[in-house]
Amino acid sequence: MDSRFVVALSGEFGDYHVVFSSYGRRGESNRGLYDSAKIWEAARATSAASSFFEPIQIGEPSQTFLDGAVGRNNPVTILWDEARRLWPPQSGETMESTVQYVVSIGTGVPYPEPFGESLKQVFNTLKAAATETERTANQFVQDHADLVTKDGYYRLNVVHGLGDVGLEEAEKAGVIAAATARYGDDPYVRLMFEKLVAISQAPSSAPSVAPARGA
């Protein structure tokens with residue numbers, strides 16, 4: 001089954017994340033709205049990053065949605081919950097044994113910043129920390145050690161060179177390309193790619209999952 005989803009944030013309730021999916025998700029009171037949303041509306045909702053794009057209103061009566069990266073910049077835990085919903089483990093099995101592999105793709109590891117002395121500096125650092133994704137990735141590894149042990153988890157994230165590239169800096173596409181190429185040439189990363197290719201080409205009835213949007 002080809003199943004896809006994206007995550008968006010409710011504009012009415014800032015701590016409420018919703019899932020727009022290509023498959024049915026029973027039990028949600030607002031499911032009618034999510035299921036009737038057009039593909040472009042879901043894409044627009046999940047990419048409405050604050051200060052770059054306006055929120056989008058969907059449905060009648062309309063509800064407001066923002067970029068799901070606010071608080072969920074790394075959606076791997078939501079991905080795991082959705083995989084459990086789609087492929088619940090059979091009796092005596094675990095999700096780690098049911099899922100063949102998980103691929104998580106980041107957008108670069110940010111440089112660490114001191115908190116600073118002024119309130120503005122503190123605010124900016126806290127805002128950056130709110131979108132920190134590696135903490136989520138590390139926690140996922142700790143929580144799903146059996147998946148990692150069987151080579152079932154692959155985290156791809158450029159370590160050096162992208163920490164100070166902002167969303168609006170399209171002119172730095174060359175920097176992004178060079179940093180990504182350097183990352184891909186790392187012997188450990190190349191070995192990880194080779195393992196992932198081999199696993200993806202091997203016949204298996206177990207599902208493989210990858211975040212629709214990761215960071």
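Leaving aside neighbours within four places in sequence, Ser-10 is in contact with Tyr-16, Thr-64 and Phe-65, where contact means heavy atoms within 4.5 Å. Ser-10 has its place in strand E1, and it is buried, with a relative accessible area of 5%; buried here means under 20% relative accessible area, exposed means over 50%, and partly exposed covers what lies in between, with a 1.4 Å probe and protein chains only. Although Ser-10 and Thr-64 are 54 residues apart along the chain, their C-alpha atoms are separated by 6.1 Å. The bridge partner of Ser-10 in strand E4 is Phe-65.

The model is a predicted one, in which local features need pLDDT of at least 70 and side-chain atom pairs count only at pLDDT 80 or more, while totals for chains, interfaces and linings use all residues. Residues are numbered from 1 along each chain as its sequence is written, and side-chain values use heavy atoms, with hydrogens and water left out.

## The sheet around E4

The protein has nine helices and seven strands, the helices (H or I, at least four residues) and strands (E, at least two) being DSSP runs numbered from the N terminus. Four of the strands form an open sheet in the order E2-E1-E4-E3, with antiparallel pairing; two strands pair if DSSP finds at least two bridges between them. Strands E2 and E3 stand at the edges with a single partner strand each, so one side of each is left without a neighbour in the sheet. From one strand to the next, the twist averages 45°, axes being lines fitted to C-alpha atoms (for helices over the stretch in contact) and angles running from 0 to 180 degrees between N-to-C directions.

Helix H2 (residues 39-46) packs on this sheet and touches E1, E2, E3 and E4, its direction making about 140° with that of E3. Helix H3 also packs on the sheet, touching E1 and E2, and its direction makes about 120° with that of E1.

Strand E4 (residues 63-67) is mostly covered, four of its five residues being buried. Strand E1 (residues 5-10) pairs with E4 in the antiparallel sense over three bridges, and Leu-9 stands opposite Leu-66 in E4. Strand E3 (residues 56-58) likewise pairs with E4 in the antiparallel sense, over three bridges, and in E4 the bridge partner of Gln-57 is Thr-64. The hairpin of E3 and E4 has four residues between the strands, and in it Gly-59 takes a positive phi near 90°.

## Aromatic pairs

The structure holds three aromatic pairs, a pair being rings of Phe, Tyr and Trp (its six-membered ring) with centres within 6.5 Å, where planes under 30 degrees apart count as stacked, over 60 as edge-to-face and the rest as tilted. Two of these pairs are set out below.

| Pair | Geometry | Centre to centre | Angle between planes |
|---|---|---|---|
| Phe-20 and Phe-65 | edge-to-face | 5.3 Å | 75° |
| Trp-80 and Phe-140 | edge-to-face | 5.6 Å | 80° |

Phe-20 lies in strand E2 (residues 17-21) and Phe-65 in strand E4, so their pair ties together parts that are 45 residues apart in sequence. Both Phe-20 and Phe-65 are buried. Trp-80 lies in helix H3 and Phe-140 in helix H6, so that pair ties together parts that are 60 residues apart in sequence. Trp-80 and Phe-140 are both buried, and together with Tyr-153 they form one aromatic cluster.

## Helix H6 and its cover

In helix H6 (residues 134-143), the buried residues are Glu-134, Ala-137 and Phe-140. Seen down the axis of H6, these buried residues fall within an arc of 120°, so they line one face of the helix; the arc is that of the directions from the helix axis to the C-beta atoms. The face of H6 turned away from the buried side carries the exposed residues Arg-135 and Gln-142. What covers the buried residues of H6 includes helix H3 (76-86), helix H7 (145-149) and strand E6 (153-156).

## The protein as a whole

Of the 215 residues of the protein, 37% count as buried. Among the contacts with a separation of 6 or more, residues 24 or more positions apart account for 60%. The protein exposes about 13100 Å², of which carbon and sulfur atoms supply 56%, with accessible areas taken from the Shrake-Rupley method with a 1.4 Å probe and, for residues, only the protein chains shown counting as cover.
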